[in-house]
Every structure is written in structure tokens, then in C-alpha cells.
Amino acid sequence: MPLVVLRTSQLLWVRVAALLFTCVAFSVAAHGAQLHGGGMADWCIFCWAFSFACTLLILLVEQFGLQARIPVSWSNFPITVACYAALLCLSASIIFPVFFLKNQNLYKEVRDHRIASTVFSCLAAVTYMGEVSLSKARPGEVAGYMATAPGLMKVCQTFVACVIFILVSDPVSYDRHAALKWCLAVYCICFILSMAVVVLCVGECTGCLPIPFSKFLSAYGLLAVIMYLTATIIWPVFQFDKQSRQNSPKVIAAAVLTALNFLLYLADLAYTARLVFVTV
């Protein structure tokens, strides 16, 4: 009878813990939290279910030694998934109690289920952060691009951009002035290019570019910093003028996240320039 030998490591147990926490989070929420479909409830369930499914896939592939048969870069894929899962579970850990626990008159059993989902979501977020910490590249270590600081920042940039899209689209807050439409263009262009970098690295397609990948990263990083600098200035100037009555929390949050993404792109450019010039 063939035997399946399980490969054990610290990273394995961290992934098993993340798998357990996300499974409990969405199972408890779906079973007894009495969440009505649509909106933030679906988002939280998606965050937990997506993280669970991807972690399960990674565990199965690694335990059965199928990395060579998967058409992705295995030095980039697991840590990319872990970083996205950490951000997704963190967002669910904030959104779920705000929308489904705060100021809610609930039966004790329903409240207990929602509290349990929140707790396990927080545990999952911390666990995925631990996985990222264990998997990221150490100084002097040869690793995939997504395991480096610039690679991880690409994940954060795309995630923050997605949150900005949600904030400025419901209700629409960028159609009052052409300058605000420019800000939306900045968010879209930089999101597409950052996501393209992630896909190229995970799919091992960086060699398909007509220019060296390092030069592409430097040029794109500089362009993104300049574009986000303009959006960081323009968005609050045209949103918070005296005639505006739309200074809602979503508009303010979009301004804060725009500034945050500008800092992420600036740090990304600094790291990328350092990597390029140190290795040349």
C-alpha cells in the first residue's frame, strides 16, 4: 500500500492554522449569524472563502509535490496569496464588526456567532501576516520578486486601489470636475500596471517584456509616484472646496488612501532603485 509522507515545517503549521481559522470564520457566519445577502456580508464571506480555498490549494500542491505541474512560479505564488489573504481577512475583521455587531439589537445566539466569526477572522489575518513574515526574502537570499519588499508593496498597492474604487463609486464622487476624473484615471492606470507586474511575476512571464524587467519597474515606479502625487494634491483640493457638500466619510477615506498609496509607490520606487543599482 503506498504511503503519503507529510512534509512538516513551521510554514506548514501556519498555513494549517490559517486554513482552520478561515474555515471557522465563514462557516460560523453562514450557519448562525443570520446575515442577509448582498453588500458587506457577501464581501466578508468572500474574503474568508477565497483565503481558505487558496490556502487549501497551496497545501495540497506542496504536500503532493505538484509544484512543477502548476503553471505558475511557486517562488512567487504562495507569498502573493498569503499577502492578499492577510489584507482580505484584515478588511473583513474591520468591516464585519462595524456593520454586523456595532449598534445591533441581536439575539444572544446570533451575536455569539458574529463575535466568533470576528475573532477567527482576526486570528486568520494575524496568521497570514505570520506566513508572509516567514516567506519573505531575507537579506542576501535568492527569492522570487514577490517575496521582496517591492513585490509585497505591489500587492498592497492593488488592494488599496480596489478599496478606493469602492469608496469613490458608491456614490459616484469623481464626476463633478475634470480634475477628479484625472484622479480616477491615476487610480486605474496604476492599478492595472501594478496588477500586471504581479501577474507577470506569478506567471513567470517577465521575460516577455520588450525591455529588461528592472528597467520597466524603475520607469513605471517613477511614473506612478508622479501620478499619485498629483492625485494626492488634486483630490482634496477639488473635493473639500467651500462649494462642496460631499465631504462624506467615504470621500475623506479616499483622500487618506490616496496619500497612503502615494507613500507605498514612493517606498516601492526607493527599494526598486536600490535593488537595480546595487545589482548592476
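**Exercise 1.** Determine which residues G32 touches, not counting residues up to four places away in sequence.

*Solution.* G32 touches V110 and H113 under that exclusion, where contact means heavy atoms within 4.5 Å. The model is predicted, so that local features need pLDDT of at least 70 and side-chain atom pairs pLDDT 80 or more, while totals for chains, interfaces and linings use all residues. Residues are numbered from 1 along each chain as its sequence is written, and side-chain values use heavy atoms, without hydrogens and water.

Then compare the separations: G32 and H113 stand 81 residues apart in sequence, yet 5.9 Å apart in space, C-alpha to C-alpha. Finally, G32 has a relative accessible area of 13% and is therefore buried (under 20%, with a 1.4 Å probe and protein chains only).

**Exercise 2.** State whether S51 is buried or exposed, and identify its contacts.

*Solution.* S51 is located in helix α2 (residues 40-63). Its relative accessible area is 0%, so S51 is buried. Neighbours within four places in sequence aside, S51 contacts T22, A85, L88, C89 and Y128.

**Exercise 3.** Describe the packing of helices α3 and α6.

*Solution.* Helix α3 (residues 77-100) packs against helix α6 (residues 178-202) at about 145°, the axes lying 9 Å apart. F77, T80 and Y84 of α3 and M195, V198 and V202 of α6 make the contact. Classified, this contact of α3 with α6 comprises five nonpolar residues, one polar and no charged.

Terms used: Axes fitted to C-alpha atoms, helices over the stretch in contact; angles between N-to-C directions. Helix = DSSP H or I, 4+ residues; strand = E, 2+ residues; numbered from the N terminus. Nonpolar A, V, L, I, M, F, W, Y, C, P; charged D, E, K, R; others polar. Buried < 20%, exposed > 50% of the residue type's maximum accessible area, 1.4 Å probe, protein only.
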